[in-house]
Amino acid sequence: MTDNLQSLFQLRIREMGGWCEIVESLESVCALLGKKYAFDKNEIVFSGRVTKLLNGSKLTGVDVESIHPGDRREILAHAMVGITTCDGLIAETGTAVLVNHPSEPRELSLLPERHIVVATDDQLYESLNACLSRIKESYLAGSMPSLTLVSGPSRTSDIEKTLVVGVHGPKEFGVVVIGT
Amino acid sequence: MNLRASQFKANARIAAQDTGLRSKVKKATGTALTKRKQTVDELPEWESLRQQGHDIRKEVVDNIDRYLRSFTDAARLNGAIVHHANEHNDATKIIYDIIRRVSANSVVKSKSMITEELHLNRMLEENGIRVIETDLGEYIIQLAGETPSHITAPALHKSKEDIARLFQEKLNISYTDDPAVLTAVVRKRLRDEFLNTRVGISGVNFACADTGTITIIENEANARLCTVLPEVHIAVMSIEKIIPSFDDLSLFLKLLSCSASGQRMTSYVSMINGPRSSHNPDGPRQLHVVILDGGRRQLAKHPAWKEALYCIRCGACLNVCPVYQSVGGHVYGSVYPGPIGSVLTPTLFDMKEAQDLPFASSLCGACTDICPVKIDLHHHLLWERREVVDRGYKSFTEKIAMAVWRWMMLSAGRVEFAGRLGWLIQKVFGKNIPAPGWTPRRRFPALARRSFRSIMKREKNNDG
Ligand code: SF4
């Protein structure tokens with residue numbers, strides 16, 4: 001079942017112009033991203049939730065919370081990679097569902113040239129409906145934070161219906177799923 | 001061209017001869033339809049999704065006051081400042097006042113049909129506020145000083161060469177018609193505007209009555225930038241954008257994405273549940289939701305015409321309409337062109353002014369078949385035609401002609417006689433009987449000597 005969902009998710013995200021890699025260990029996440037993005041340390045920014053998920057494995061880059069809030073926007077706007085977590089992956093549409101957590105500013109998935117999501121395979125849902133109900137339930141007591149659904153890189157077909165990737169947002173969107 | 005709905009016939013006559021325009025519109029709508037079909041064909045449950053969509057939209061429109069109250073309460077609980085505007089002018093004034101209060105002199109704006117309906121840009125610019133359209137299509141249109149010709153693809157009537165020349169002239173760049181390069185130019189120019197502008201204006205695709213969530217769908221990320229970076233976010237919507245529950249979102253996102261762009265899901269969906277809270281690192285400090293009635297509550301009471309309020313503005317009926325494909329969107333002289341525009345403009349705005357629009361259809365029914373919320377568009381066009389006639393907007397000659405036609409058609413003998421008379425006239429004076437308003441653009445059909453009826457009768461007698 002999970003295998004099927006994984007391959008469906010990979011198919012859908014590719015259709016939308018994104019990519020998805022499935023790795024087996026926390027270390028391989030860092031190795032994969034390190035190999036893919038040989039940028040200066042300061043050009044890669046991740047959130048505290050990513051560090052927590054990676055549980056001690058060293059990722060090259062800076063934690064967004066270590067940046068002075070006054071400089072954050074400027075730094076993110078010039079960053080090459082922004083790395084976040086997510087709260088659900090949707091197989092039927094190839095979507096990552098991002099909840100606006102306090103330690104994960106929305107600008108982190110929006111301003112850098114590339115947006116990478118690190119997730120675990122137990123976050124995979126078949127349908128968007130299932131994932132959204134789950135999120136809604138978990139906030140029944142208080143008010144729900146804002147959500148962002150990301151299903152691909154920023155794109156447009158406004159000029160003669162020709163697809164152009166990378167309009168105002170990230171030019172690349174990728175998901176690394178940690179499998180068991 | 002005087003782009004008013006009352007000038008539709010004259011403008012359509014000109015546009016129909018513009019082969020350049022027609023090939024651009026045909027190509028763009030054709031591509032959109034192919035992509036949509038590919039996606040929908042892979043969804044076996046599509047028909048049942050459409051029916052669900054229809055039923056839910058009906059439920060909302062039938063109980064619009066209750067849902068409006070519930071959405072307003074929920075959004076306020078989330079910390080949004082909700083404003084209700086009865087008239088278009090009320091809405092523009094509310095928006096202008098919000099911008100003045102924070103002493104901003106420019107706004108970044110994402111695509112929204114309701115702000116087009118409000119003529120918001122014109123009003124703000126007249127009052128010294130610079131409006132920066134950030135959706136690529138809208139940016140092109142704003143640069144050209146035009147209005148959108150399609151509700152989801154505003155610059156659909158422009159070729160890449162048109163856009164290349166426009167950018168060359170207005171932005172002072174060297175000529176290039178490479179869409180990727182043109183797009184990169186806009187990205188570069190708008191980045192700083194996003195980072196530094198203090199007010200962002202967006203539309204709303206769906207507003208959830210139970211959670212107060214505002215949902216905005218897009219592909220470019222400009223709406224995200226307009227709603228995350230500025231200090232103040234103003235979301236503008238009309239009352240019928242409400243859906244009952246957050247749980248209905250996945251259904252409507254599917255219906256809208258597939259129908260509008262043939263995607264299972266657009267690149268981005270923002271579900272906004274209030275302004276920045278004390279523990280959030282970013283997001284606007286103020287979230288205003290401006291809700292326009294603009295005649296919709298009245299329309300919601302009409303037993304038939306209320307259906308037009310179910311529309312989720314996907315644009316599919318425009319793409320599939322043979323009339324729209326031939327003349328494009330501008331000639332309709334309305335913010336909303338195509339079949340839904342022809343249905344909505346007379347009933348929501350002005351029936352007298354827009355009396356020709358219900359006739360801008362071959363009644364083929366392609367719009368009804370494609371509509372993701374199953375609005376019976378072509379029947380609406382027919383009912384509105386009757387209303388136009390009942391209100392006496394048609395010319396005296398047309399009334400007489402129709403009365404004679406009716407009188408003739410009500411008796412088999414008279415039809416028979418008229419047919420023979422016509423045949424005789426054609427025999428003596430030639431095939432082209434001049435009929436004003438008809439024959440200048442159509443050939444008069446050749447009439448048979450004997451009618452089908454009389455031939456049948458004779459055959460039967462012979463057999464017997
Ligand atoms: S009437 Fe139906 S097909 Fe036309 S824009 Fe509205 S929802 Fe789409």
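# A tour of the pockets and cavities

Begin at the largest pocket, where about 2,200 Å³ of space lies. The model on screen is predicted: local features need pLDDT of at least 70 and side-chain atom pairs count only at pLDDT 80 or more, while totals for chains, interfaces and linings use all residues. Residues are numbered from 1 along each chain as its sequence is written, chains are lettered from A and ligands numbered from 1 in the order in which they are written, and side-chain values use heavy atoms, with hydrogens and water left out.

Some terms for the tour. On a 1 Å grid over the protein atoms alone, a cavity is a set of points where a 1.4 Å probe fits but cannot get out; a pocket is an open set with protein on both sides within 12 Å along at least five of seven lines; lining residues have an atom within 4 Å of a point. Grid points are joined across faces, edges and corners, and a volume is the space filled by probe spheres set on the points.

**Stop 1: the largest pocket**

Select B:Met402, B:Pro436, B:Gly437, B:Trp438 and B:Arg442, which lie nearest the centre of the largest pocket among its 48 lining residues. Then colour α1 (8-17), α15 (322-327), α18 (377-390), α19 (396-409) and α20 (412-429) of chain B, each of which supplies at least two residues of this lining. Helices (H or I, at least four residues) and strands (E, at least two) are DSSP runs, numbered from the N terminus. The most comes from α19(B), with 9 residues. By class, the lining holds 27 nonpolar, 7 polar and 14 charged residues; Ala, Val, Leu, Ile, Met, Phe, Trp, Tyr, Cys and Pro count as nonpolar, Asp, Glu, Lys and Arg as charged, and the others, Gly among them, as polar.

Now colour chain B by domain: domain 1 (1-42 + 315-394), domain 2 (44-298) and domain 3 (400-463), with bounds from an automatic or database domain assignment. Domain 1 and domain 3 of chain B each give at least three residues to the lining of the largest pocket. The centres of these two domains, taken over C-alpha atoms, are 32 Å apart.

**Stop 2: the second largest pocket**

Select B:Glu116, B:His119, B:Glu146, B:Thr147 and B:Pro148, the residues nearest the centre of a pocket lined by 22 residues. About 590 Å³ of space lies here. α6, α7 (120-126) and α8 (136-144) of chain B each supply at least two lining residues, and α7(B) gives the most, with 4. The lining divides into 6 nonpolar, 10 polar and 6 charged residues. Domains 1 and 2 of chain B both contribute to the lining, so the second largest pocket lies between them.

**Stop 3: the largest cavity**

The whole structure has 10 cavities of 30 Å³ or more. The largest has a volume of about 820 Å³. To find it, select B:Lys111, B:Ile151, B:Thr152, B:Ile217 and B:Glu218, the closest to its centre of the 37 residues that line it. Elements that give two or more residues to this lining are β10 (155-156) of chain A, and α2 (19-41), α6 (113-117), β6 (214-218), α11 (222-228), β7 (232-238) and α12 (249-261) of chain B. Its lining has 14 nonpolar, 13 polar and 10 charged residues. Domains 1 and 2 of chain B both give residues to the lining of the largest cavity, so it lies between them.

**Stop 4: the ligand**

Which cavity does the ligand sit in? The ligand sits in the second largest cavity, meaning that more than half of its atoms lie within 2 Å of the grid points. This cavity holds about 90 Å³ of space. Of its 13 lining residues, B:Cys311, B:Cys314, B:Cys317, B:Cys371 and B:Pro372 lie nearest the centre. The lining has 11 nonpolar, 1 polar and 1 charged residues.

Next select the shell around the ligand, with residues counted if a heavy atom lies within 4 Å. Among them are B:Ile151, B:Ile312, B:Arg313, B:Gly315, B:Ile340, B:Ile375 and B:Leu377. By class, the shell has 10 nonpolar, 1 polar and 1 charged residues.

**Stop 5: chain A**

Finish by selecting chain A, which has 5 helices and 12 strands. Its C-alpha trace spans about 45 × 40 × 35 Å along its principal axes.
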